[in-house]
Amino acid sequence: MERTIQTLRVLFLLLLVTAGIQAQEVNRLFVPDMTGVENSTITLPINLSNTNADIVAMQFELSVPHNAMALNTSKVVLTDRKNDHTLALSSLGLGRYRFMVYSPSNKPFKANSGEVIEISATIADAVDHDK
C-alpha cells in the first residue's frame, strides 16, 4: 500500500512537470533586423516561430514610418509555409497595415519556424536619420 502511494506521488509530480513544460510553449511573430539603402526596394520578411504546430490563422498590425518607407501592397506574398492559406491586407493609413492570414479549410501552417509572409517595401529617397 505504501509503495502504491509513493508511485502515485511520483506520477502526480511528473504530470505537474509535464503540464508546466506545455504551459511554456511560445509562439512568436516577428520581423528580423533589416538594413536598406535610401531609394531602394527591400523584401521585408514576417517570421513565425511556433511551438504549437496547429496554428491555422493569425492577425496583426504592422507600422512603418510612413514618411520613410512604403509597402507595396500588391507585392505581398505568402511563403511555402502556407497550407491552403489566404492573405487579406488593408491599409489603416499613416504607415499602418492590418494583415489577416487564415486557412478556409482550417489547415495549420507547415513547419514550426521561418518566414510566412514576404513584403516588398520601398525606402524613401530622403529619410530623416534623426527620427
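Which residue in β7 is the bridge partner of T43? Let's build up to that pair step by step, keeping in mind that this is a predicted model.

## The overall layout

The protein chain contains 1 helix and 7 strands.

## Surface and interior

The protein chain has 131 residues, and 24% of them count as buried. Its accessible surface comes to about 8,900 Å², with carbon and sulfur atoms making up 54% of that area.

Contacts tell us how the chain meets itself. Take those between residues at least 6 apart in sequence: 69% of these contacts join residues at least 24 apart.

## A closer look at strand β2

One is strand β1 (residues 27-30): β1 and β2 run antiparallel and are joined by 4 bridges. To see this pairing in the structure, find L29, whose bridge partner in β2 is L48.

Another partner is strand β7 (residues 113-123), which also runs antiparallel to β2. Here 9 bridges join the two strands.

## Back to the opening question

Now you can look for T43 and trace across to β7. The bridge partner of T43 there is S120, a pair that you can pick out in the structure above.

Notes. Residues numbered from 1 in each chain as written. Predicted model: local features only at pLDDT ≥ 70, side-chain atom pairs only at ≥ 80, totals over all residues. Heavy atoms only, no water. Buried < 20%, exposed > 50% of the residue type's maximum accessible area, 1.4 Å probe, protein only. Contact = heavy atoms within 4.5 Å. Areas by Shrake-Rupley, 256 points an atom, 1.4 Å probe, with all protein chains shown as cover. Pairing = 2+ DSSP bridges.
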